[in-house]
Amino acid sequence: MKSVLPGARIGGARVVVLIPYLWLVFLFLIPFLIVVKISLSQTAIAQPPYTPVLDLGGGWQGLKTFAAALSLDNYSLIASDSLYLVSYARSIQIAAVSTVLLLLLGFPLAYGMARAPRRWQPALFMLVALPFWTSFLIRIYAWINILQRDGLLNQLLIMLRMVDEPPAWLASDTAVYIGMVYSYLPFMVLPLYASLEKMDESLIEAAADLGCPRWKAFWLVTLPLSLPGVIAGVLLCFIPIVGEFVIPDLLGSSQSMMIGQTLWTEFFLNKDWPVASSIAIVLLAVLLTPILFYQRMQTRDLSERA
Amino acid sequence: MTTRSAEHETGFAAHAEHTPPVRPAEPLVRFEAVSKAFSSGIAVDKLSLDIFEGEFFALLGPSGCGKTTLLRMLAGLEGPDSGRILLDGKDLAGAPPHRRPINMMFQSYALFPHLNVENNVAFGLKQDGLSRREIAARVARMLSLVRLEGYERRRPHQLSGGERQRVALARSLVKRPRVLLLDEPLAALDKKLRNETQFELMNLQQQLGLTFIIVTHDQQEAMTMADRIGVMSEGRLMQVGAPAEIYERPNSRWIAEFIGDVNLIEGQVLATDPDGLMIATGSAGPLRAVSPSDCKSGDTVWVALRPEKVRLSCERPAASEANWVTGKVCNIAYLGEHLAYKVRLEAGFTMKATLPNATRVAEQRIRSDDRVWLSWSEDAAVVLTR
């Protein structure tokens with residue numbers, strides 16, 4: 001009896017821990033391995049549209065021929081064709097500029113929220129989170145309405161006599177940046193707010209008391225203490241923006257594509273699953289550094305709080 | 001338990017030994033009819049106060065009496081609604097906190113969590129643009145003064161409460177402020193550490209020759225450390241004076257009851273003569289006491305008598321005794337260092353009396369329900385007119 005009870009408890013705990021691992025294995029690891037495998041295949045006019053197809057009926061020999069047929073051709077194609085490299089570079093550039101814009105806009109917003117009277121804060125928090133209640137796609141379509149030639153923005157500009165000719169906003173980088181900043185603002189503001197909100201106001205008073213003017217106290221105290229929030233916000237915006245598809249597709253120009261659009265084109269228009277897969281794998285490799293950095297920050301934050 | 005007796009028994013009466021500083025003519029800090037109101041009510045109400053160079057001054061009062069607000073106004077963290085605050089005779093109005101030669105030790109300590117001990121202490125010196133060598137030297141000296149050598153690289157979250165308190169103290173002292181403000185500096189420490197730290201603070205103040213203003217709600221703390229105490233209530237100063245003065249000569253019933261324990265007996269002045277006055281009290285019979293200056297026949301007054309100034313005996317005292325009353329012991333509390341008695345007088349008043357626990361408890365002769373006589377000299381009690 002004595003030995004059974006603790007053993008049973010450990011068994012139960014193991015099952016609980018197993019569930020997320022099973023989730024990760026079936027919904028992340030296996031699909032990922034499939035994508036890796038497809039990225040090493042060649043396109044074919046067949047069903048599925050690539051070769052080789054793994055046939056376990058062939059036994060050991062079949063497996064050997066399957067492995068021999070895999071190649072890195074798609075990766076050398078991506079490396080040699082400037083179309084892809086330009087697309088990657090453009091994605092990273094747009095993500096970097098958007099993230100800087102988000103930080104410049106999001107920090108004062110989060111700071112204002114955190115310094116607002118306590119009883120207003122839930123309402124302000126709600127206002128930031130409210131756009132999530134509407135579908136992302138619908139909100140981007142709404143921006144098409146706002147930005148089109150006879151849209152709300154141009155009507156307003158003409159009414160205010162700021163322009164004579166309505167400028168074309170859509171199909172430009174400006175429209176992409178507007179869409180990015182608009183869509184990702186909550187992802188920047190909320191982590192910043194979380195780190196600024198828990199900051200003790202008396203630290204700023206102590207800095208002032210020790211001879212530090214207010215603007216300097218911001219640099220020496222507020223900013224360093226909000227750094228975990230800044231890093232979380234930057235990574236939460238930068239990583240998904242690099243792979244963003246909907247915003248550049250609906251608001252941007254078709255002349256220069258972000259990597260998400262290039263991938264979509266390869267997959268749905270060219271039906272080249274292997275190249276599309278290798279684009280995805282390279283994108284993941286590019287983003288792996290910031291993702292790992294974010295993970296490390298999270299663990300360090302947790303261990304420091306404990 | 002009274003504060004005085006507690007001090008004597010625990011040996012915390014050091015301020016009685018050191019001579020109070022010679023008071024210069026000009027105050028270092030002057031509050032002139034300073035008022036401050038918040039949306040929640042009036043915090044400080046037309047308060048005037050002078051504090052002198054080299055003083056250890058305590059602002060004592062219950063929570064919400066405005067003492068912290070007064071301190072924050074001096075630091076520049078709040079602005080007064082009206083009135084003036086002067087430092088060295090110069091009006092501080094318009095001087096932001098970072099330009100005032102005043103430093104504050106916050107109740108929460110407000111240590112910068114992202115900086116180690118050394119950089120926390122150096123923070124203020126760096127703002128003054130001192131050379132790196134001088135900063136290092138002064139920080140090292142200050143850390144040795146508060147016994148924190150070897151803690152330079154630690155972050156605040158790696159320190160104990162007492163260590164954090166000392167870092168906060170070092171950080172606020174290292175700039176050698178004209179005035180050091182301490183907002184409940186010992187509130188977060190446990191009792192034993194608090195008593196030790198009281199002594200350390202007094203030594204530091206003596207050693208550095210600085211002016212300290214401390215805010216506290218703990219009267220023992222104020223009595224132990226301060227040269228002078230300002231007792232505050234509802235935004236006003238009720239009395240300002242040396243600890244002994246406030247304890248021995250309270251100026252009102254409020255002070256008498258706030259500081260230590262007291263018997264307050266209401267009565268009317270029957271007759272005055274050069275030596276004192278006779279007071280008719282309904283609850284304790286006629287009493288004799290030394291007269292306060294502004295007292296005439298027929299006035300309503302209160303006789304304030306500290307329990308430890310009452311003699312308690314089983315026999316009727318000699319006729320030469322100025323005051324005596326008799327009653328039955330209704331309660332005895334054994335408090336270790338002394339015994340607290342409650343005696344119900346025949347006229348109805350319940351009188352408190354304390355006796356030092358000089359003999360073993362088994363040998364105590366006075367028991368509950370015993371008839372006892374209480375006596376005191378005519379200058380033992382204070383007559384209060386308000």
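Visitor: Before we look at anything, what makes a crossing of two helices left-handed or right-handed?
Guide: A crossing is left-handed if the near helix is turned anticlockwise from the far one by less than a right angle, and right-handed if clockwise. In this predicted model, the crossing of α4(B) and α5(B) is right-handed.

Visitor: At what angle do the axes of α4(B) and α5(B) cross?
Guide: At roughly 130 degrees, and the axes come within 10 Å. Angles over 145 degrees would count as roughly antiparallel and 65 to 115 as roughly perpendicular, and α4(B) and α5(B) are therefore oblique to each other.

Visitor: Which residues make the contact?
Guide: From α4(B) they are B:E118, B:V121, B:A122, B:L125 and B:K126.

Visitor: Switching to the chains. How many residues does each give to the contact between A and B?
Guide: Chain B gives 16 residues and chain A gives 14 residues.

Visitor: Which elements of chain B give two or more residues there?
Guide: Strand β6 (102–105) and helix α4 (117–127) of chain B do. The largest share of that side comes from α4(B), with three residues. The side of chain B has nine nonpolar residues, six polar and one charged.

Visitor: And β6(B), what is the order of the sheet it sits in?
Guide: The order is β6-β7-β8-β3-β9-β10, an open sheet of six strands in chain B with mixed pairing. Strands β6 and β10 (236–241) have a single partner strand each, so one side of each is left without a neighbour in the sheet. From one strand to the next, the twist averages 20 degrees.

Visitor: What packs on that sheet?
Guide: Helix α6 of chain B, residues 161–173, which touches β6 and β7. The direction of α6 makes about 175 degrees with that of β6(B).

Visitor: In which sense do β3 and β8 pair?
Guide: In the parallel sense, over five bridges. In β8(B), B:V215 is the bridge partner of B:L59.

Visitor: Now the five-strand sheet. What is its order?
Guide: It runs β13-β12-β11-β14-β20 in chain B, open, with antiparallel pairing. The edges are β13 (285–289) and β20 (382–384). Neighbouring strands of this sheet are turned by 40 degrees against each other on average, direction ignored.

Visitor: How many bridges join β11 to β12?
Guide: Six bridges, between residues 263–273 and residues 276–281 of chain B. B:V269 has B:I279 in β12(B) as its bridge partner.

Methods: Residues numbered from 1 in each chain as written. Chains lettered and ligands numbered in written order. Predicted model: local features only at pLDDT ≥ 70, side-chain atom pairs only at ≥ 80, totals over all residues. Pairing = 2+ DSSP bridges. Helix = DSSP H or I, 4+ residues; strand = E, 2+ residues; numbered from the N terminus. Axes fitted to C-alpha atoms, helices over the stretch in contact; angles between N-to-C directions. Contact = placed C-beta atoms within 7 Å. Nonpolar A, V, L, I, M, F, W, Y, C, P; charged D, E, K, R; others polar. Parallel < 35°, antiparallel > 145°, perpendicular 65-115°, else oblique.
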